[in-house]
Amino acid sequence: MSEAAIDINAIERELRQMWQEQATHPEAGGQAVIRALTLNLIVRVPDDAWAEQVLAVAPALTAQHPNRTVLVIDRPGSATELQANVQALCTLTNAGRTQVCGEQVTISARGAPAGQLASLILPLLVPDLPVVLWAPGPQPFAQPLVQRLYRLCDRLIVDSTTFADPVRELAELAAFEQTANGAPAVSDLGWARLTPWRELTAQFFDTRPFLPHLHRIDEIVIEYVAGTHPNPVAALLFVGWLASCLKWTPLADAVGIEGETIQLYLRRPAVGVGPAAIRLVKVELRPVALAGVEGLVRLALRAVDNQQAEFVVELTGDSGYACTRATIAGANPIERTATIDHPALADLLNSELRLLSRDRTFAAALHLAGGLAQRLALP
Amino acid sequence: MATPVLDNPLRAGLRIGRTPEPCTMVIFGASGDLTSRKLVPALYNLARERRLPGGFSVVGFARRDWTDDYFRDLLREAVNANSRSGPVDPELWASFAQGIQYHRGSFDEADAYTSLAERLAAIDAERGTGGNRVFYLATPPEAYPTIIAQLGAHGLAHSNGWTRIIIEKPFGHDLASAQALNAEVLSVFREDQVYRIDHYLGKETVQNILIFRFANGIFEPIWNRSQIDHIQITVAETIGVEDRGGYYDTSGALRDMIQNHLMQLLCLVAMEPPALYDADAVRDEKVKVLRAVRPLSVSDTVRGQYGPGSASGRPVRGYREEKGVSPTSQTETYVALKLFIDNWRWAGVPFYLRSGKRLPRRVSEIAIQFKAAPTMIFADTPLNDLDPNVLAIKIQPDEGISLKFSSKTPGQPQIRPVTMDFRYGASFGVTSPEAYERLLLDCMLGDGTLFTRRDEVEASWALLTPILQAWAEGPPQPFPNYEAGSWGPAAADEFIARDGRSWRRL
């Protein structure tokens with residue numbers, strides 16, 4: 001379809017027809033087809049390479065959150081070009097099971113003004129269902145389409161691991177989240193990737209005798225994969241999470257950089273002394289060279305004052321596993337191996353789509369990490 | 001003693017629940033089928049999903065002369081064969097297996113418990129399990145009293161951490177034996193340490209009954225005698241007695257299925273909303289249902305026993321020809337019964353329950369049939385041609401909920417029933433955990449909501465024991481009276497037809 005021929009009614013008609021055909025000509029094997037829609041997903045991608053990645057995860061998203069996807073390929077350009085097409089997305093299921101299908105509308109644009117795109121997208125949304133806007137890639141907040149649409153959405157999903165200028169963009173993300181204040185709720189797939197690390201860390205302290213040590217942490221070392229250009233956002237978010245849960249606050253001159261290592265200084269309430277007493281927590285974020293993985297590699301929480309305690313989570317040689325180790329006052333370390341798969345993009349999205357409202361834990365962690373990032377980004 | 005909820009500040013906002021404190025699970029009957037088919041695969045899958053703490057340990061207690069290594073290899077094979085996640089992941093298994101030990105002893109041997117106590121103390125020191133223990137009785141029920149008494153005699157019922165005991169079904173074989181067993185257990189353990197397991201309650205769809213009823217506002221107002229005509233609960237199995245013939249012949253369908261699984265389903269579908277979702281509030285309401293059931297008489301029941309027939313197109317033998325079964329057996333393999341709950345919500349609404357072996361399909365469901373439209377305004381369709389609305393809660397195999405209602409046939413004046421389907425698998429796309437995973441984890445976390453309390457077990461037996469007695473004293477039945485692979489005896493169809501109703505075709 002050329003620009004003039006894009007017709008919302010035609011798209012709707014095509015969608016209806018598609019389901020009627022499905023009902024009269026069930027797929028081979030006589031499987032029944034169910035059209036199910038639980039949300040509207042608008043995906044804004046900058047180019048075809050991104051569009052392909054999105055298309056690759058679509059079936060897995062349909063399986064868990066059948067949706068109407070409106071994929072917008074928002075290429076820059078001088079001449080305006082617009083095309084649209086429609087397809088059903090069905091999940092493959094075991095024979096005999098009912099197939100669940102969602103819908104996908106692709107709008108392929110070049111040089112189209114945001115207002116024009118929005119006028120095409122909005123009438124395509126299914127009424128009375130949540131609207132999620134996913135904007136993968138760098139600088140999501142600089143995109144006119146995102147700026148135009150975010151207020152109409154229930155959730156905005158970005159991915160901090162794809163940021164071009166990670167520290168600066170993290171600060172922007174934090175500022176955005178705070179201003180939005182839940183409308184829309186904000187998700188970061190980079191944060192979602194931290195879930196297993198947070199779980200494994202939290203699990204140490206479900207054990208009653210270990211819990212007191214959590215309030216005595218003096219040192220944290222987080223190692224993360226350097227890659228071609230280091231992205232410390234995951235490590236910063238992790239520190240932000242710990243600090244917000246444990247009521248640590250950054251010092252005024254909280255950040256230092258030594259070579260490639262980032263040093264952070266926070267204060268925590270002191271244990272067992274007067275109510276106003278504080279102690280210093282020293283944090284080091286170190287990039288390490290490691291092939292085949294992304295994100296965090298190892299983290300260690302240490303209490304050094306009085307009784308020594310150390311809690312370590314680290315990837316083991318084989319990918320997909322982490323070793324957790326708690327060592328208290330030189331006693332036998334308590335170790336175990338746990339899975340820590342590198343999650344697929346679809347799994348990360350699915351876990352975020354499951355959330356219905358603002359993720360307050362993330363908001364608190366992001367706020368703190370954003371503050372640190374802002375100081376780091378200063379020249 | 002429930003574990004106090006730890007104030008772990010890192011827990012807030014995490015997407016999986018709390019992990020239990022490190023503990024040791026001692027499995028009595030570790031060489032048995034349940035251990036290898038269900039328990040260890042469930043524990044392994046919990047570990048795989050990061051739901052178990054570091055330091056978690058297993059001690060298998062059995063009579064055979066095995067070594068730790070042999071036992072671990074055996075369990076590894078068992079997980080390979082029975083785990084829903086497929087063969088073990090070698091790396092994870094290595095870490096999990098470090099915590100597995102084998103303890104040789106017979107259940108009545110005092111020394112074996114002395115050495116067990118020493119072993120548990122050693123594990124506490126080495127693996128940081130802090131005196132927390134779960135004793136799992138996966139033995140034949142005859143061994144329960146001996147093990148419980150020995151645990152008590154050796155001071156193993158209490159420790160400096162928490163101690164809990166899980167008891168498998170059957171919990172007694174009638175009211176008197178259930179009361180006797182409760183008395184024995186409670187002479188050693190406190191009630192809050194005792195977890196009587198009914199794996200049906202661990203099923204996701206069974207738990208969903210409460211969510212469905214009490215998290216939706218629209219169903220509760222119609223969930224009563226003014227809107228509901230009757231309720232059918234079906235648990236049908238295709239299998240025969242397999243190699244449990246010897247045991248089953250002393251038990252029968254009423255004891256094996258109705259007393260536990262179907263009664264639990266009845267309670268969940270009929271109970272009043274609990275004040276809160278906690279172990280005692282939920283179980284209080286369930287007990288109230290059982291107490292409100294009008295006493296049953298033999299005329300409220302139909303029994304059956306399968307004869308030779310076929311299953312999945314293959315000929316199968318009759319019950320009396322099964323291994324371990326008496327050739328003149330009077331044991332029922334099928335039961336249908338009707339009961340009334342005499343309270344304000346349910347007065348006058350019949351509940352039909354049926355369960356049997358060697359039925360054509362494996363299916364468990366609860367069907368709520370609503371009253372028909374009071375009058376028919378559509379002239380072309382006679383009223384009795386209309387299907388009433390049915391809400392079916394399917395528990396297995398296709399977990400989900402469906403609602404049947406009437407709709408107009410396109411282009412014609414006729415009315416046809418259509419169903420609106422919600423399927424678990426289709427809406428969530430994740431595989432549900434096995435019932436045992438949920439239940440073992442709940443026990444380790446100290447949550448007894450999905451376990452059966454003493455008064456619940458006794459109330460259920462009190463209801464059914466008179467039937468068992470009357471059957472035993474009554475004349476012999478003309479067994480077998482249904483063909484394997486059919487939907488039970490003809491008498492069961494007549495039984496419900498007398499009320500002007502029929503069994504759901506499943």
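Into which domains is chain B divided? Chain B splits into domain 1 (24–168) and domain 2 (201–435 + 450–497). The views below are close-ups of a predicted model.

**View 1. The two domains of chain B.** Domain 1 of chain B covers 24–168, and domain 2 of chain B covers 201–435 + 450–497. Their C-alpha centres are 35 Å apart. 

**View 2. The largest nonpolar core.** This core holds 126 residues. Ile27(B), Phe28(B), Tyr136(B), Leu137(B) and Leu266(B) have the most contacts inside it. Helix α9 (residues 253–270) of chain B is the top contributor, giving 11 residues. Domain 1 and domain 2 of chain B each supply at least three residues to this core. In soluble globular proteins, nonpolar side chains tend to be buried together.

**View 3. Around Leu266(B).** Leu266(B) is one of the residues with the most contacts inside the largest core. Which residues does Leu266(B) contact, leaving aside its neighbours within four places in sequence? They are Ile233(B), Val289(B), Phe351(B) and Leu353(B).

**View 4. Where chain A meets chain B.** Chain A brings 37 residues to the contact, and chain B brings 32 residues. On the side of chain A, the elements giving two or more residues are α2 (48–64), α7 (195–204), α9 (233–246), β15 (321–328), β16 (334–339) and α11 (360–377). Helix α7(A) gives the most, with seven residues. By type, the chain A side has 15 nonpolar, 12 polar and 10 charged residues.

**View 5. An open sheet in chain A.** Chain A as a whole has 11 helices and 16 strands. Eight strands form this sheet, in the order β10-β11-β12-β9-β13-β14-β15-β16. The sheet is open, and its pairing is mixed. Which strands of chain A stand at the edges? They are β10 (249–258) and β16, each pairing on one side only. From one strand to the next, the twist averages 15 degrees. Strands β15(A) and β16(A) run antiparallel, joined by six bridges. Within this stretch, Ala322(A) is opposite Ala338(A) of β16(A).

**View 6. Two helices on the sheet.** Helix α7(A) packs on the sheet and touches β13 (296–303), β14 (309–315), β15 and β16 of chain A. The directions of α7(A) and β14(A) make an angle of about 155 degrees. Helix α11(A) also packs on the sheet, where it touches β10 and β11 (261–269) of chain A. The directions of α11(A) and β10(A) make an angle of about 45 degrees. Both helices are also listed among the elements on the side of chain A that touches chain B.

**View 7. Arg268(A) in its strand.** Arg268(A) sits in strand β11 of chain A. Is Arg268(A) exposed or partly exposed? Arg268(A) counts as partly exposed because it has 19 C-beta neighbours inside 10 Å. Not counting residues up to four places away in sequence, Arg268(A) touches Leu246(A), Trp248(A), Ile278(A), Arg279(A) and Val281(A). Pro250(A) is 18 residues from Arg268(A) along the chain, and their C-alpha atoms are separated by 9.0 Å.

**View 8. Two cis peptide bonds.** Most peptide bonds are trans. The bond from Ala183(A) to Pro184(A) is cis, with omega near 0 degrees. Pro184(A) is in the loop between α5 (166–180) and β8 (185–188) of chain A. In chain B, a cis bond joins Lys169(B) and Pro170(B), with omega about 0 degrees. Pro170(B) lies in the loop between β5 (163–167) and α6 (175–188) of chain B.

**View 9. Positive phi in two loops.** Most residues other than glycine have a negative phi. Asp128(A) has a positive phi, near 65 degrees. Its place is the loop between α3 (114–121) and β6 (131–134) of chain A. Asp128(A) counts as exposed because it has 5 C-beta neighbours inside 10 Å. Asn181(A) also has a positive phi, of about 50 degrees. This residue lies in the loop between α5 and β8 of chain A. With 11 other C-beta atoms within 10 Å, Asn181(A) is exposed.

**View 10. Chain A as a whole.** Of the 379 residues in chain A, 42% are buried. Among contacts in chain A with a separation of 6 or more, 69% join residues 24 or more positions apart.

Note on methods. Residues are numbered from 1 along each chain as its sequence is written. Chains are lettered from A and ligands numbered from 1 in the order in which they are written. This is a predicted model: local features need pLDDT of at least 70, side-chain atom pairs count only at pLDDT 80 or more; totals for chains, interfaces and linings use all residues. Two residues are in contact if their C-beta atoms, placed from the backbone, lie within 7 Å. Helices (H or I, at least four residues) and strands (E, at least two) are DSSP runs, numbered from the N terminus. Ala, Val, Leu, Ile, Met, Phe, Trp, Tyr, Cys and Pro count as nonpolar, Asp, Glu, Lys and Arg as charged, and the others, Gly among them, as polar. A nonpolar core is a set of buried Ala, Val, Leu, Ile, Met, Phe, Trp, Tyr and Cys residues joined through C-beta atoms within 7 Å. A residue is buried if 20 or more other C-beta atoms lie within 10 Å of its own, exposed if 12 or fewer, and partly exposed in between; C-beta atoms are placed from the backbone. Domain bounds come from an automatic or database domain assignment. Two strands pair if DSSP finds at least two bridges between them. Axes are lines fitted to C-alpha atoms, for helices over the stretch in contact, and angles run from 0 to 180 degrees between N-to-C directions.
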